[in-house]
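Subject: Handover of a structure for your review

Dear colleague,

Please find below the structure that I am handing over to you. My findings follow it.

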Amino acid sequence: MKQSAPALHIRCRMVQPLALDISLQVRGFTVLLGVSGVGKSTLLKAIAGLLPAQVSPYGDLAVEQRPIAYLPQGYALFPHLRAWENVAFPLSRSAHRRTDALALLQRVGLEDLANRFPSELSGGQKQRVALARALARKPRLLLLDEPTSALDMATRDEVMDELVREIYEFGIPVLAVSHDPHLAMLADHMAILRDGRIVQEGAPTEVFARPGHVASARLLGFRNFLSGRVIDSEDESHLQVAGSDWQLQAEWQAGLSVGTSVQLALRAEDIYLQETGATHFCPNPLSVQVKACRKEGLSMRLYLEGPTPLEMLLPRPQAEAAQISVGNFLKVCVQPRHVQIMTAE
Amino acid sequence: MRSADYGPGFPVYRVTAGFDRFRWMGPALAGLVFVFLLAPFAALIFATDWHDFHFAEGDLGAIRTSLLYSMLALIISVLAGTPLAWWLARGQGRGKWFFDALLMLPLLTPPLALGILLSSFYGPYSPVGTLFSHAGLYLTNTAPAFILAQIYGAMPYYIIAARAAFEGVPRELEQISQTLGRNRLQTFWQVTLPLARIGLSAGVALAWVRAMGEFGIVLIVAYFPEGIPVKLWVNLQDIGLSAVYPLLWIFFLVAVPLPLWIGLRARRQTQALF
C-alpha cells in the first residue's frame, strides 16, 4: 500500500495574514508538524482557497471548484442536517442521492447513525461523518486540520488508526497538520513547518531519528538540549562533544570538524539509570542529583541537576525499585546513538 | 447538618441558614415584576363590557387596513432588509461602521419626529414628493404612504435582529459549504438562512408587531386610511373608553400570536440543535 501511495506536490506562497512560502511533497498520509500559531491552519485554508494565496495545484480555480476536501478542527458538520444529509450535502440532487450518502456512511461504519443530528454524535463519530462528507465529492486531495485535537485521550489512538485505514481505502493523498508527534508517527511522509517554510521533510523514521534543528527536535519530543563544541573526531566511528562541565560521545557524522559549535538533543526516555555494580560499560556517564520528580502516568519524570540540567523519564518498575526521592544522587547514562547532533543556529 | 460534621472552623450550618432565610426573595421579586407587567392586560378582561361587545363604525375597515398593509410592509421590509443585514454582518467594506451607526438613527428617533421628517421628505411640497406625484404616487394620506410609514417603523428592527442572526452563523460552516462545491448564493440558501432562521424569525415577529402597532409615524404621514392604532385613538376621542376595547382585543388576537408562536418554536429548536 505504502509504495503505491498517491502523491502530489504542493506549493503555496502568501504574504497576508502570514508570510508563508511552502513547497511540500504530499505522499500518502502526510503530516505537517508545527507549533501553535506557526500558520498550519492558515496554510490549509490557503490551499483550499479560503484565503488569498498563490497556490498550485488548483490555485486558478474558485473555492467551490477545487477538488480539495477540507476537514477543519471540530469538523464543522452542519448542525441543522442529519448525518446522512451532511454527507449528501455535496452530492447533486438526484434520485440516488440518499442511497449514495448512506453507502458512504457505511464505508465509515456509521450507517446505523444516519438519522442522527451532529449534536447526538461523539467526537470520533462526527469526524467520520465529516470524512464521509468530504470524500463524497471525490476530491483529489484531503486536508485535515489537527485531526486529533477534538478527540479524548482514551479513544484517540483507536479513532486515528481507523481514520488512517479509511483514508488508505479511499486512496487519495492526505495532508494533515498537527502539533502532535504521535500522529506524525502514523504517517507515510512528514514535514516540519517553521518561520513560514518547511525546514525538514522525509519519512517519519528519518525525521524522528535526525531532527535538523532544535525547534524541530523540541516538536518531535526531545526535552534536553546542550550546547557544546566538537573536541575529537579522529576515527570515523565516534565524535566527542564537550560543554563547560560535561563531555559526551555521539555517533560520527560527516562535515563536523574539531571546534565546530553544535547542539545536542537527548530524549528524556533515552536517559537511563546506571545500576550500582552494573557490569556493562557506559560510554556517557553523568553524575546528577534529583531536583524534582513528578509522576507521569505509568512513568516518573525526573528533573536532574548536574554538569547540565537534564530531564529523564523512568519506567515505573525502575522508579519503584530504585526508590528515588528528591535530593538523591544518581548515575545516569545515554548511548551515543541516542545523542542527536545538530549544527548550532 | 451541623457544623460539627465538618470539624471546627467550618460554619456550614449558619451559611445554609443564611441562604434559607432569603431564599423566598428571588421568586417573590420575580413574581412581583410578572404581576406588574401583566396586570394591565388582566384589567382589559374586567374592563370590557362583554354584554355589549360591538365594534364602532369603521373598525372592521381599520382591521382590514392594518392587516393587509402590515403584511405588505413586512414583506418589503424582509426583502429589502435581508441583503442589508447580511452585508452588515458579513461585509468587509471600510465604511461599514459608519453605516452601522447610521442605521441606529431611525431607531433612536421618536416616531412622531420621524413622521414629521417623512412628511417633509415625501410630502407634496418636497422635491421627492413632487417627483413621486408626477408618477402618480402620492405619499401623504394614501395606502402607499401608510405602508411607507410602517416600513420606517418596522424595517430597522428587522435589520438589527437579522444582522445579529447572520452574525450568529459560524463563518466556518459557510466556508466548508464552499469547499463542498456550493457557491456563495447556494451557501446562503442552504447553510446561512437555515442556521439563521431562529433569529430571522424573531426579526420578522418584531417587525410585524412594530408595523401593526405603528402610531407616531402613521399619525403624521397617513392618518388616512385609518389603521387599528389610529382608529383606537379616534374611538377614544370621539366615543370614549368603552369603544376602544373591542378593537384592542382584535389587535392582541392578530398581532401577538405570531411573535409568541415564533418565540416558542425558536426556543424548542435552539434546544434541539445545540
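In what sense do strand β1 (residues 7–14) of chain A and β4(A) pair, and over how many bridges? The two strands are antiparallel, and 3 bridges connect them. Please note that this is a predicted model.

**The three-stranded sheet of chain A**

The pairing of β1(A) and β4(A) belongs to an open sheet of 3 strands, ordered β2-β1-β4 in chain A, with antiparallel pairing. Its edges are formed by β2 (20–27) and β4 (54–56) of chain A, each of which pairs on one side only. On average, neighbouring strands of this sheet are turned by 5° against each other, direction ignored. Helix α1 (residues 40–48) of chain A packs on the sheet and touches β1, β2 and β4 of chain A; the direction of the helix makes about 105° with that of β1(A). Within the sheet, A:C12 has A:V55 of β4(A) opposite.

**The six-stranded sheet of chain A**

A further open sheet has 6 strands in the order β5-β6-β7-β3-β8-β9 of chain A, and its pairing is mixed. Here β5 and β9 of chain A are the edge strands, each pairing on one side only. Neighbouring strands are turned by 20° against each other on average, direction ignored.

Both senses of pairing can be followed at β8(A). Strand β3 (residues 29–33) of chain A runs parallel to β8(A), with 4 bridges between them, and A:V31 stands opposite A:M190 in β8(A). By contrast, strand β8 (residues 189–194) of chain A pairs with strand β9 (residues 197–202) of chain A in the antiparallel sense, over 5 bridges. A:R194 has A:R197 in β9(A) as its bridge partner. The hairpin of β8(A) and β9(A) has 2 residues between the strands, and A:D195 takes a positive phi there, near 50°.

**An enclosed helix of chain B**

Helix α8 (residues 171–179) of chain B has 7 of its 9 residues buried, so the rest of the structure largely encloses the helix. The buried residues are B:L173, B:E174, B:Q175, B:I176, B:S177, B:Q178 and B:T179. They pack against elements of both chains: α1, β5 (68–71) and α4 (123–135) of chain A, and α3 (59–90) and α9 (184–213) of chain B. After α8(B) comes B:G181, with a positive phi near 95°.

**A cavity between these elements**

The structure holds 2 cavities of 30 Å³ or more. At least two lining residues come from each of β5 and α4 of chain A and α8 of chain B, and α4(A) gives the most, with 3 residues. By type, the lining divides into 6 nonpolar, 1 polar and 1 charged residue.

**A buried leucine of chain A**

A:L273 lies in strand β14 (residues 272–273) of chain A. Its relative accessible area is 12%, which is under 20%, so A:L273 counts as buried. Leaving aside residues up to four places away in sequence, A:L273 touches A:M312, A:L314, A:Q318, A:A322, A:I324, A:L330, A:K331 and A:V332. The C-alpha atoms of A:L273 and A:A319 are 9.4 Å apart, although 46 residues separate the two along the chain.

Yours sincerely

Conventions:
Residues numbered from 1 in each chain as written. Chains lettered and ligands numbered in written order. Predicted model: local features only at pLDDT ≥ 70, side-chain atom pairs only at ≥ 80, totals over all residues. Heavy atoms only, no water. Pairing = 2+ DSSP bridges. Axes fitted to C-alpha atoms, helices over the stretch in contact; angles between N-to-C directions. Contact = heavy atoms within 4.5 Å. Buried < 20%, exposed > 50% of the residue type's maximum accessible area, 1.4 Å probe, protein only. 1 Å grid on protein atoms, 1.4 Å probe; cavity = no way out; pocket = protein on both sides within 12 Å on 5 of 7 lines; lining within 4 Å. Points joined across faces, edges and corners; volume = space filled by probe spheres on them. Nonpolar A, V, L, I, M, F, W, Y, C, P; charged D, E, K, R; others polar.
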